[in-house]
Amino acid sequence: MITEAIKQRVETKIAQCITTIEKKYNVKFKKPVVHYNVRGTTAGKAWYKQWIVGFNAVLLTENVDAFIARTVPHEIAHLATELIYPHAHTRTWGKKRSPHGIEWASIMTVLGADETRCHKYDTTNSRVKRKTTYEYQCAGCGAKLNLGPKRHAALQRGTLIWHSTCGKVRGKLAFVPTTLVSPTIKPAMIVSKAANIPSRGTETKLAKCYRLFENYPGYSRAEMINVFVQECDMTPAGAATYYAKFNKTR
């Protein structure tokens, strides 16, 4: 999908950004691994622990000039923030620091790039198509979940799948046969007001990873593992174990 000419332009822009950062901050900046498998409406991602940047092939191809001028420096600036201001990615009083804070913004200024967080590309062709979902309700807390065809079929065969927040005993799922929907965007979870589930601030690491797994159905194994590592402070090995466990339920 992406031509070699476009990839070369991206590589050239990355090299320019690295040169600018090295001269400005007197640091040695290792060239990151680059891939083009970011999907959906996200233009790019940076995994500073793995030193990887990823770009959305569809959005890049449809917005070459703007993408190279804005998104490429955006992701390189995230890596530079880790190199120059490592404290910017640490937690303060239990809260995660914003990845688009003043440190990141200052590097974007040095690179002469737009400091706004979100892009304005047309994402019509890059959106991930969602599958038909089936509504289930947790017997323990009353939360409603929309499951995909594979997990629906597994439950109908008698396979035990439960609401991770409530656990194996309390969290048995009951099919709601009157609600069969094909949403444009799949809701991760709908919780009734009376639902007695812990807040996100107190949920277990397993529950948080499962929620993230539900929220990103189009992500590949590598992308999902990176999400677990970034959002839940896990090791790649632990993240891979969780992914394998969750993937069996699909």
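Predicted model: local features only at pLDDT ≥ 70, side-chain atom pairs only at ≥ 80, totals over all residues.

Trainee: Where is W51, and what is its phi?

Mentor: W51 lies in the loop between β2 (44-47) and β3 (52-55). Its phi is near 60 degrees, a positive value in a residue other than glycine. N26 is another residue to look at, with phi near 55 degrees, also a positive value in a residue other than glycine. N26 sits in the loop between α1 and β1 (33-35).

Trainee: And is N26 buried or exposed, and how do you know?

Mentor: N26 has 73% relative accessibility, so N26 counts as exposed.

Trainee: You keep saying α and β. What counts as a helix or a strand here?

Mentor: They are DSSP runs, numbered from the N terminus: helices are H or I with at least four residues, strands are E with at least two. The protein has nine helices and eight strands. Of its 250 residues, 45% count as buried.

Trainee: How do you know whether α3 is enclosed by the rest of the structure?

Mentor: Count its residues: 16 of the 21 in α3 are buried, so this helix is largely enclosed by the rest of the structure.

Trainee: And how does the reach of α3 compare with what is expected?

Mentor: From its first C-alpha to its last, α3 spans 29 Å.

Trainee: What is the angle between α1 and α3, and what is it called?

Mentor: The axes of α1 (residues 4-25) and α3 (residues 64-84) come within 9 Å and cross at roughly 40 degrees. That makes α1 oblique to α3. The cut-offs are under 35 degrees for roughly parallel, over 145 for roughly antiparallel, 65 to 115 for roughly perpendicular, and oblique for the rest. Axes are lines fitted to C-alpha atoms, for helices over the stretch in contact, and angles run from 0 to 180 degrees between N-to-C directions.

Trainee: Which residues of α1 and α3 meet?

Mentor: Contact means heavy atoms within 4.5 Å. Among the residues in contact are I6, V10 and I14 of α1, and I68, V72 and I76 of α3. The residues of that contact divide into 13 nonpolar, no polar and three charged. Here Ala, Val, Leu, Ile, Met, Phe, Trp, Tyr, Cys and Pro count as nonpolar, Asp, Glu, Lys and Arg as charged, and the others, Gly among them, as polar.

Trainee: Why are α1 and α4 called roughly perpendicular to each other?

Mentor: Their axes come within 10 Å and cross at roughly 110 degrees. That angle falls in the perpendicular range, so α1 and α4 are roughly perpendicular to each other. In this contact, T20, I21, K24 and Y25 of α1 meet S106, I107 and V110 of α4.

Trainee: What about α3 and α4, then: at what angle do they cross?

Mentor: The axes of α3 and α4 (residues 102-110) come within 9 Å and cross at roughly 125 degrees. These two helices are therefore oblique to each other.

Trainee: How do you know whether T123 and R211 are buried or exposed?

Mentor: T123 has 11% relative accessibility, so T123 counts as buried. T123 lies in the loop between α4 and β6 (133-138). R211 has 15% relative accessibility, so R211 counts as buried too. R211 is in α7 (residues 205-215), where the buried residues pack against β7 (144-147), α5 (149-156), α8 (221-232) and α9 (236-247).

Conventions
Residues numbered from 1 in each chain as written. Heavy atoms only, no water. Expected span 1.5 Å × (residues − 1). Buried < 20%, exposed > 50% of the residue type's maximum accessible area, 1.4 Å probe, protein only.
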